[in-house]
Amino acid sequence: MTESAADCRPIPFILVFVIAALAILLGVYAVPESFSLAVFDAQAITKAAIYLGATMLMMCYVDAFRSRCLRGFVTIALVLLALGCAIPFFGSERALWGPLQHGAINSLYLLGALLVFLHFSLHTMPSAWRKSLTPRRSDLIGAVLVLGVALYRDFDPSLGVAENLIELVATGIAILAGALLCTLLMRHRARGLALA
């Protein structure tokens with residue numbers, strides 16, 4: 001497995017996690033339904049903020065298959081995100097649960113599946129694939145995975161081209177911004193491997 005001591009620096013990953021978590025929280029809680037920005041409505045902005053954070057986290061998640069240190073950081077991050085999913089349930093009765101609570105439940109299932117897959121895949125996935133990973137390749141795979149999920153979830157054939165295009169443009173910009181930001185904050189990984 002190609003890893004270096006640079007992978008074990010916690011501060012860059014903490015910055016990535018904090019920025020990603022804040023973006024997701026802002027998207028979920030802080031965008032008023034009446035808010036709009038140019039041609040982007042509140043729904044498009046909400047999704048864009050969530051995808052920005054998800055891109056940063058998924059890029060680190062994929063790279064965790066390469067590095068033991070990153071695997072530890074990502075494991076802690078997934079657990080913290082799972083705890084964060086409990087926020088919508090405080091002070092709400094089950095009879096009054098809405099989309100926010102059901103979305104939190106779905107997110108818990110997803111985070112649990114990602115955590116299990118990360119650790120059990122080490123015994124099932126080809127070791128040659130894990131050893132072939134580099135920070136740049138991991139980043140590309142992570143960003144492409146989020147883009148694929150966005151296209152699958154958000155493209156609605158029943159809508160017109162313009163409606164689909166507006167949301168997909170907002171999502172694409174957010175994914176690109178998240179990818180660039182994560183690459184910038186985690187650039188020490190490639191440098192560490194080059195010096196190893």
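What volume does the largest pocket have? The largest pocket has a volume of about 1,600 Å³. The model is predicted.

## Pockets

The lining of the largest pocket counts 39 residues. Nearest its centre lie I24, I50, G103, S107 and L110. The top contributor is α2, with ten residues. In class terms, the lining of the largest pocket holds 30 nonpolar, six polar and three charged residues.

The second largest pocket has a volume of about 230 Å³. It is lined by 13 residues. P135, R136, D139, T183 and R189 are the closest to its centre. At least two lining residues come from each of α6, α7 (161-185) and α8 (188-195). Here α6 gives the most, with five residues. The lining of the second largest pocket splits into seven nonpolar, two polar and four charged residues.

## Helix packing

Two packed helices are described by the angle between their axes and the distance between the axes.

| Pair | Angle | Axis distance |
|---|---|---|
| α1 and α3 | about 30° | 11 Å |
| α3 and α4 | about 160° | 9 Å |
| α2 and α3 | roughly 140° | within 9 Å |

Start with α1 and α3. They pack at an angle of about 30°. Angles under 35 degrees count as roughly parallel, so α1 and α3 are roughly parallel to each other. Their crossing is right-handed. From α1, the contact uses P10, F13 and F17. From α3, it uses L70, F73, V74, A77, L80 and L81. By class, the contact of α1 with α3 has nine nonpolar, no polar and no charged residues.

Next come α3 and α4. Their axes lie 9 Å apart, at an angle of about 160°. That makes α3 roughly antiparallel to α4. The crossing of α3 and α4 is left-handed. On the α3 side, R71, V74, T75, L78, V79, L81 and A82 make the contact. On the α4 side, the residues are L108, L111, L114, L115, L118 and H119. The contact of α3 with α4 divides into ten nonpolar, two polar and one charged residues.

How is α2 oriented relative to α3? The axes cross at roughly 140°. The angle therefore makes α2 oblique to α3. This crossing is left-handed. L57, C60, Y61 and D63 of α2 meet L70, V74, L78 and L81 of α3. The contact of α2 with α3 comprises seven nonpolar, no polar and one charged residues.

V74 and L81 take part in the contact with α1, in the contact with α4 and in the contact with α2. L70 is in the contact with α1 and meets α2. L78 is in the contact with α4 and also meets α2.

How values were computed: Residues are numbered from 1 along each chain as its sequence is written. This is a predicted model: local features need pLDDT of at least 70, side-chain atom pairs count only at pLDDT 80 or more; totals for chains, interfaces and linings use all residues. Side-chain values use heavy atoms; hydrogens and water are left out. On a 1 Å grid over the protein atoms alone, a cavity is a set of points where a 1.4 Å probe fits but cannot get out, and a pocket is an open set with protein on both sides within 12 Å along at least five of seven lines; lining residues have an atom within 4 Å of a point. Grid points are joined across faces, edges and corners, and a volume is the space filled by probe spheres set on the points. Helices (H or I, at least four residues) and strands (E, at least two) are DSSP runs, numbered from the N terminus. Ala, Val, Leu, Ile, Met, Phe, Trp, Tyr, Cys and Pro count as nonpolar, Asp, Glu, Lys and Arg as charged, and the others, Gly among them, as polar. Axes are lines fitted to C-alpha atoms, for helices over the stretch in contact, and angles run from 0 to 180 degrees between N-to-C directions. Angles under 35 degrees count as roughly parallel, over 145 as roughly antiparallel, 65 to 115 as roughly perpendicular and the rest as oblique. A crossing is left-handed if the near helix is turned anticlockwise from the far one by less than a right angle, and right-handed if clockwise. Contact means heavy atoms within 4.5 Å.
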